[in-house]
Amino acid sequence: MKKILVTGSVGQIGSELTMLLRKMYGNDNVVAGINRTQPTGQLKESGPYEKADCTNAQQIAAVVKKYKIDTIYHLAAILSAVAEAKPGLAWNVNINGLYNVLEIAREHNCSVFVPSSIGAFGPNTPQDNTPQDTIQRPNTMYGVTKVAGELLCDYYYKKFGVDTRGVRYPGIISNETLPGGGTTDYAVDIYYEAIKNKRYTCFLKPGTFLDMMYMPDALKAAVDLMEADPNKLKHRNAFNVTSMSVDPEMMAESIRKHIPEFEIDYDVDPVRQEIADSWPNNMDDSAATEEWGWSYEYDLDKMTADMLKVLSEKLKK
Ligand code: AKB
């Protein structure tokens with residue numbers, strides 16, 4: 001049975017991924033790596049958790065040794081909008097933190113999942129049907145760390161044989177833990193506000209198309225890639241994956257099928273708009289499908305129906 005460490009386990013993806021991995025591989029075999037935020041509820045009760053700040057190599061190494069970890073899902077990261085505001089912090093966490101994790105993986109023979117992002121592309125990347133292998137010249141600190149991270153992971157695979165794998169996540173929409181400091185966060189906020197106030201003021205312009213994905217598909221992508229036959233992987237870091245390409249108007253239209261009076265207006269944040277404008281409208285994820293069978297379950301309307309159902313219950317409490 002695998003022995004897994006999840007860094008960033010209280011974050012948006014980490015909190016749900018940790019619970020899924022515990023279900024799959026056994027509660028005691030999945031350590032929730034935490035930093036400043038303490039775990040609560042099921043995440044805390046259902047299995048081990050340990051301080052594992054990725055910028056502290058000794059701390060990560062101690063957890064890996066203590067639990068005989070053989071697989072690391074390295075989810076601790078600074079997202080795009082925060083990275084623009086705090087570039088030094090983003091470099092330290094996204095690059096120095098990743099370097100520490102890769103070094104420990106090399107020493108202790110661990111496989112590593114590292115999420116990249118649509119942020120690894122830039123303004124001169126082809127924006128439609130963005131190929132798997134294409135121009136990557138991002139002009140954000142987040143993007144710089146994501147491209148460097150992809151390259152570093154490929155380097156550790158080629159040079160040291162570390163089993164590194166990753167996907168380029170689009171905006172992730174979820175109903176448990178809120179995202180923090182991303183450019184695609186509007187796509188989560190809009191559902192909360194639709195239920196609470198039947199209106200939403202969006203910080204990106206109408207017509208800003210971006211790839212998005214519902215959390216169950218994002219978790220499936222990570223797990224399926226880590227379970228994939230290594231002999232079939234021509235790429236490793238990192239695969240384009242997407243479920244839908246949407247703009248704020250399409251999301252509003254999808255919500256109106258359930259809440260007809262829902263209204264959207266706009267108060268554009270120039271920083272996040274510029275970031276979004278530099279990212280693809282829609283990615284070609286056929287390499288992921290060909291090499292490890294990637295497919296998604298949720299399109300926009302299926303996701304909207306589930307989000308509104310789950311959040312209505314949650315916000316009643
Ligand atoms: C962000 O908006 O920063 C993230 C991402 C797309 O990587 N959600």
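Between which domains does the ligand lie? In this predicted model, domain 1 (4–170 + 214–240) and domain 2 (172–212 + 243–279 + 298–316) both give residues to the shell around the ligand, so the ligand lies between them.

**View 1. The shell around the ligand.** Let's start with the residues that surround the ligand: Leu79, Ser80, Ser117, Ile118, Tyr142, Pro170, Gly182, Thr183, Thr184 and Trp279.

View 2. Zooming in on Ser80, you will find an N or O atom of its side chain 2.6 Å from an oxygen atom of the ligand. Thr183 takes part through its backbone, with an N or O atom 2.7 Å from a ligand oxygen atom. At Thr184, a polar side-chain atom lies 2.9 Å from a nitrogen atom of the ligand. On its own the ligand has 250 Å² of accessible area, and the protein covers 93% of this.

View 3. Now for a look at another residue, Thr304, which is part of helix 12 (residues 300–316). Is Thr304 buried or exposed? Its relative accessibility is 0%, so Thr304 counts as buried. Which residues is Thr304 in contact with, leaving aside its neighbours within four places in sequence? They are Tyr191, Ser254, Ile255 and His258.

Note on methods:
Residues numbered from 1 in each chain as written. Predicted model: local features only at pLDDT ≥ 70, side-chain atom pairs only at ≥ 80, totals over all residues. Heavy atoms only, no water. Near = heavy atom within 4 Å. Polar contact = N/O pair within 3.5 Å; in protein donor to acceptor, adjacent residues only side chain to side chain. Areas by Shrake-Rupley, 256 points an atom, 1.4 Å probe, with all protein chains shown as cover. Domains from an automatic or database assignment. Helix = DSSP H or I, 4+ residues; strand = E, 2+ residues; numbered from the N terminus. Buried < 20%, exposed > 50% of the residue type's maximum accessible area, 1.4 Å probe, protein only. Contact = heavy atoms within 4.5 Å.
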